[in-house]
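Here is a short report on one protein chain.

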Amino acid sequence: MNGRELSAPSCTMETPTLAHVETPTLAHVAALAGVSPATASRVINGTARVSPRARSRVEEAVQRLGYVRHRAAPADRRSGSIAAVVCEDDARVFTDHFFARLFSGVRRELGDDRELVVLIVGRAGRWGTVAEYLRGGRADGVLLISAHGAPAMALRQTGVPVLLAGRPLWTTPLPYVDADNRGGARTAVDYLLKCGRQTIGTIAGPPDRAVGVDRLAGYRAAVGDAGLPTAGLITYGDLHQASGEHAMNRLLDRRPDIDAVLCASDQMAVGALRALRRTGRRVPDDVAVVGFDDSPIAGRVRPRLTTVRRPIEDMGVRMARELLGRIAGEASSGQGVVLNTKLIIRDSA
């Protein structure tokens with residue numbers, strides 16, 4: 001796994017080939033301590049008397065390797081907890097309504113029978129700590145949110161069922177639940193075309209995230225089917241307001257004739273509205289604006305945002321349902337579950 005390495009504190013034993021194993025096992029502990037696996041097991045589990053010298057060597061080996069005993073709970077004695085591992089910085093988790101809505105759906109499905117434990121690891125990640133937590137039997141399953149490939153596979157190696165929030169950009173056997181981002185973007189552009197818009201731009205999301213890739217793909221497909229060019233009409237943002245404003249200014253510089261823009265998030269759409277207002281463009285008369293997500297700000301901003309609604313609470317419900325099924329050993333509904341989106345028409349387009 002790509003988390004922090006399991007490094008060894010200073011001690012007198014020297015077995016360098018074992019001191020940095022990525023996932024230490026009982027056999028590694030026994031080899032480093034110079035005892036049999038049975039003796040190492042007796043020390044770790046406290047099931048029988050062992051000589052003080054052997055006990056000391058085993059305990060020292062456990063400390064050096066960072067070994068965590070795997071407490072695989074039997075079917076009738078599970079931990080009763082589900083871990084939501086979020087690969088985002090604390091500030092975003094506590095300020096972005098997406099996470100609150102997603103967790104609300106998860107909690108609704110879990111009911112009173114299971115606890116939801118939220119582990120925020122940040123983008124840099126504290127994967128070693130999280131993996132040890134999971135190997136310790138403290139969660140029956142993992143909902144992995146905003147992760148990239150290597151961390152996801154590292155958590156899979158803990159032996160705990162893992163389900164992804166959102167379609168992964170990498171090849172993986174892990175199941176996921178997502179919204180139809182591509183279809184939602186296509187529906188939005190088709191609506192703009194029906195309204196008579198001919199020069200439709202987009203402020204796409206980050207190209208290293210599935211939501212950015214899929215929403216841009218939907219835009220390209222719809223504009224391409226209409227036989228319209230996209231030269232100078234595609235810019236990128238980071239899904240936040242400031243980047244939406246800057247991207248809209250770039251679009252206006254390149255294509256002052258632009259008459260509509262699809263933004264990959266409501267936050268960027270709000271930034272686009274600000275840029276249009278400052279340049280004297282009227283919305284929607286001069287330029288129509290469509291957002292994505294139908295977040296609370298879409299109904300508060302003026303003009304109110306036309307936007308693609310992503311069923312975030314329903315995603316949380318389905319994620320919890322799919323994960324609980326896998327924990328129980330039930331047949332899955334498939335590798336990926338994709339929920340429908342819906343265009344919500346308001347005042348901006």
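## Terms and basis

Contact means heavy atoms within 4.5 Å. Helices (H or I, at least four residues) and strands (E, at least two) are DSSP runs, numbered from the N terminus.

This is a predicted model: local features need pLDDT of at least 70, side-chain atom pairs count only at pLDDT 80 or more, and totals for chains, interfaces and linings use all residues. Residues are numbered from 1 along each chain as its sequence is written, and side-chain values use heavy atoms, with hydrogens and water left out.

## Overall make-up

The protein chain has 13 helices and 12 strands. It has 349 residues, and 51% of them count as buried. Buried means under 20% relative accessible area, exposed over 50%, and partly exposed in between (1.4 Å probe, protein chains only).

How much of the contact count comes from residues 24 or more positions apart? Among contacts with a separation of 6 or more, such pairs account for 70%.

Two packed helices are described by the angle between their axes and the distance between the axes. Axes are lines fitted to C-alpha atoms, for helices over the stretch in contact, and angles run from 0 to 180 degrees between N-to-C directions.

Helix 5 (residues 97-110) packs on helix 13 (residues 312-327) at an angle of about 45°, with the axes 7 Å apart. The two helices are therefore oblique to each other. Angles under 35 degrees count as roughly parallel, over 145 as roughly antiparallel, 65 to 115 as roughly perpendicular and the rest as oblique. The crossing of helix 5 and helix 13 is right-handed. A crossing is left-handed if the near helix is turned anticlockwise from the far one by less than a right angle, and right-handed if clockwise. On the helix 5 side, the contact residues include Phe 98, Arg 101, Leu 102 and Gly 105. Their counterparts in helix 13 include Ile 312, Met 315, Met 319 and Leu 324.

## Helix 8 against helix 9

Helix 8 (residues 181-194) and helix 9 (residues 210-225) pack at an angle of about 35°, and their axes lie 7 Å apart. This crossing of helix 8 and helix 9 is right-handed. Helix 8 contributes residues including Asn 181, Ala 185, Val 189 and Leu 193. Helix 9 contributes residues including Val 211, Ala 217, Tyr 219 and Val 223.

## The parallel sheet

Strands of a sheet pair through backbone hydrogen bonds, either parallel or antiparallel. Here, two strands pair if DSSP finds at least two bridges between them.

In what order do the six strands of the open sheet stand? The order is 2-1-3-4-5-11, and the pairing is parallel. Strand 2 (115-120) and strand 11 (336-339) stand at the edges, each with a single partner strand, so one side of each has no neighbour in the sheet. The twist averages 20° from one strand to the next.

## Strand pairs

Strand 1 (residues 81-86) runs parallel to strand 2, joined by six bridges. In this pair, Val 85 stands opposite Leu 119. Strand 3 (residues 141-145) and strand 4 are also parallel, with four bridges. Strand 4 pairs with strand 5 (residues 176-179) in the parallel sense over two bridges.

Ala 165 of strand 4 stands opposite Ile 145. Ala 165 also stands opposite Val 177 in strand 5. Both faces of strand 4 (residues 162-165) are covered: Val 162 and Leu 164 are buried on one side, Leu 163 and Ala 165 on the other.

## Cysteines

A disulfide is a covalent bond between the sulfur atoms of two cysteines. The rule used is a pair of cysteine sulfur atoms within 2.5 Å. By this rule the count is zero.

Is Cys 263 buried or exposed? Cys 263 has 0% relative accessibility, so it counts as buried. Cys 195, at 42%, counts as partly exposed.

## Backbone exceptions

Most residues other than glycine have a negative phi, and most peptide bonds are trans. A cis peptide bond joins Val 283 and Pro 284, with omega about 5°. Pro 284 sits in the loop between helix 11 (266-278) and strand 9 (288-293). Another cis bond joins Arg 302 and Pro 303, with omega about -5°. Pro 303 lies in the loop between helix 12 (297-300) and strand 10 (306-309).

Leu 239 has a positive phi of about 80°. Leu 239 is in the loop between strand 7 (234-236) and helix 10 (241-254), and at 12% relative accessibility it counts as buried. Asp 294 has a positive phi near 55°. Asp 294 lies in the loop between strand 9 and helix 12, and at 10% relative accessibility it counts as buried.
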